[in-house]
Amino acid sequence: MTANRMLAEARRWLGLRGRPNPLTVAYAARNGSEYRAVSWCDIAVSEWAHRSGNTAAVLLGGDRAYTVWHAEDFQKAGRWHVGTTAEVDRARPGDIVFFDWGATNSIGAIDHVGIVEKALGGGRVQTIEGNTGDACLRRVRSADVIAGYGRPKYDAPPPAMPDYWDVQSTVARRRVRVPWATPFLQRGSTGPRVKWLQDALLALGARLDVDGDFGPATEKALRSFQASHRGETGARLEADGVYGHHTARSLFIAHGGKKGDAV
């Protein structure tokens, strides 16, 4: 039982949409046909646990489709952390995080659940969630809507999460780091992720310094890339000069990354 396997399974379902879907169908086969087309956020967590061999760590009270009961399982086991900013900053990859859109820390008011992929600091976490807009997607959530999180007793802690795809570029004939877009990069951003973005654009022919400062030249180069590339759906990217998820995936693919790995 490892957090890494749990996260790998969750990532495998990114992009899944609608209901019934393979996760709800499998859950219904074990628990009753009424689950085939219901709200499926906690069903997704249950299925990821089953498919990754983490049922004992994640499903302390057995399969769960009801988020309140699932959170109570962690509370009863003494593995519950309330969703304050300080506690959210201590979240680990693989923790099961529960949300209350009414912005309380009450377990009885929980509306939704996901899995922590990365703690971002400042009371924010990057998550993978089922049934968010009736799809499985990455989200960034803040402590104000986090009721708390349960910590599964995994056998081993997960490795540190990277902030980039490491790509052997088919264009530049060298390795390129294509940064993830969490959080978005835009004019005024600084740091190593900006350097990776600049280098990835430079490798495609842009003229700019790799200095880690997202200024006018970087914005111009990014707009040029966006104007000449399409997203995974085939629609043209919006040339807004903001490095978001669709642009990140397109840049990854432009360097020869496999489309199915652009999660």
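**Exercises on a sheet and its helices**

Helix α1 (residues 3-12) lies across β2, β3, β4 (124-129) and β5, at about 110° to β3. The model is predicted: local features need pLDDT of at least 70 and side-chain atom pairs pLDDT 80 or more, while totals for chains, interfaces and linings use all residues. Residues are numbered from 1 along each chain as its sequence is written, and side-chain values use heavy atoms, without hydrogens and water.

**Exercise 1.** State which strands helix α3 lies across, and at what angle to β3.

*Solution.* Helices (H or I, at least four residues) and strands (E, at least two) are DSSP runs numbered from the N terminus. Helix α3 covers residues 41-52 and lies across β2, β3 and β4. Its direction is at about 75° to β3; such angles run from 0 to 180 degrees between N-to-C directions, with axes fitted to C-alpha atoms, for helices over the stretch in contact. Contact means heavy atoms within 4.5 Å.

**Exercise 2.** Give the strand order of the open sheet and explain why β1 and β5 have a side without a neighbour.

*Solution.* Two strands pair if DSSP finds at least two bridges between them. The order of the 6 strands is β1-β6-β2-β3-β4-β5, with antiparallel pairing. β1 (80-82) and β5 (137-142) are at the edges with a single partner strand each, so one side of each has no neighbour in the sheet. From one strand to the next, the twist averages 35°.

**Exercise 3.** Find the bridge partner of Phe98 in β3.

*Solution.* β2 (residues 96-99) pairs with β3 (residues 112-121) over 4 bridges, in the antiparallel sense. The partner of Phe98 is Val113.
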